[in-house]
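Please walk through this structure with an eye to its pockets and to one residue with its contacts.

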Amino acid sequence: MRAVMADILNEVYENIFLDTSYGLRSGRNYHDAIKELNRIIGRCKVSYVLEADIKEFFDNVDQKQLMEFTAHNIDDKNFSRYIARFLKSGTIEEGKYHKSDKGTAQSSPLSPILANIYLHYILDI
């Protein structure tokens, strides 16, 4: 079910995401990002290049904000409710259930597209 939901979200958002966004997208990878960086550096004067990584990103996504972002393009309330349930489903570690009020599970097929939706609104636009 989550893989199907990810496919639907990818269909909706792939045309919305910026061409300069490479992370966790189908048909794009870090090699593509490096090629683009090389193209820009070869064409323009560049004084510095900044590399950044968001520490524990998947563990700290603001779920409420993410749901607000998905509401911009997802009108189906039932579909949105499934996304919310996925986000709130929690984890089991060492036999103990841990409630989830932030973040998104890294092992789920939904997580990459949800991460890109979040980053699209937070960083790209």
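Predicted model: local features only at pLDDT ≥ 70, side-chain atom pairs only at ≥ 80, totals over all residues.

Contact here means heavy atoms within 4.5 Å. Leaving aside residues up to four places away in sequence, Met67 touches Ser80, Ile83, Ala84 and Leu87. For Leu87, the separation from Met67 is 20 residues in sequence, while the C-alpha to C-alpha distance is 9.5 Å. Met67 has a relative accessible area of 18%, and because buried means under 20% on this scale, Met67 counts as buried.

From this residue we can turn to the open spaces of the model. The largest pocket has a volume of about 860 Å³, and its lining is made up of 21 residues, among which Tyr22, Gly23, Ala52, Leu119 and Leu123 lie nearest the centre. Helix H2 (30-43), helix H3 (57-60) and helix H6 (111-124) are the elements that give two or more residues to this lining, and H6 gives the most, with five. Sorted by class, the lining of the largest pocket holds twelve nonpolar, four polar and five charged residues.

The second largest pocket contains about 340 Å³ of space and is lined by 20 residues, with Thr91, Ser100, Lys102, Thr104 and Ala105 nearest its centre. At least two lining residues each come from H3, from helix H5 (77-88) and from strand S1 (91-93). In the lining of this second largest pocket, four residues are nonpolar, ten are polar and six are charged.

Note on methods: Residues numbered from 1 in each chain as written. Heavy atoms only, no water. 1 Å grid on protein atoms, 1.4 Å probe; cavity = no way out; pocket = protein on both sides within 12 Å on 5 of 7 lines; lining within 4 Å. Points joined across faces, edges and corners; volume = space filled by probe spheres on them. Helix = DSSP H or I, 4+ residues; strand = E, 2+ residues; numbered from the N terminus. Nonpolar A, V, L, I, M, F, W, Y, C, P; charged D, E, K, R; others polar. Buried < 20%, exposed > 50% of the residue type's maximum accessible area, 1.4 Å probe, protein only.
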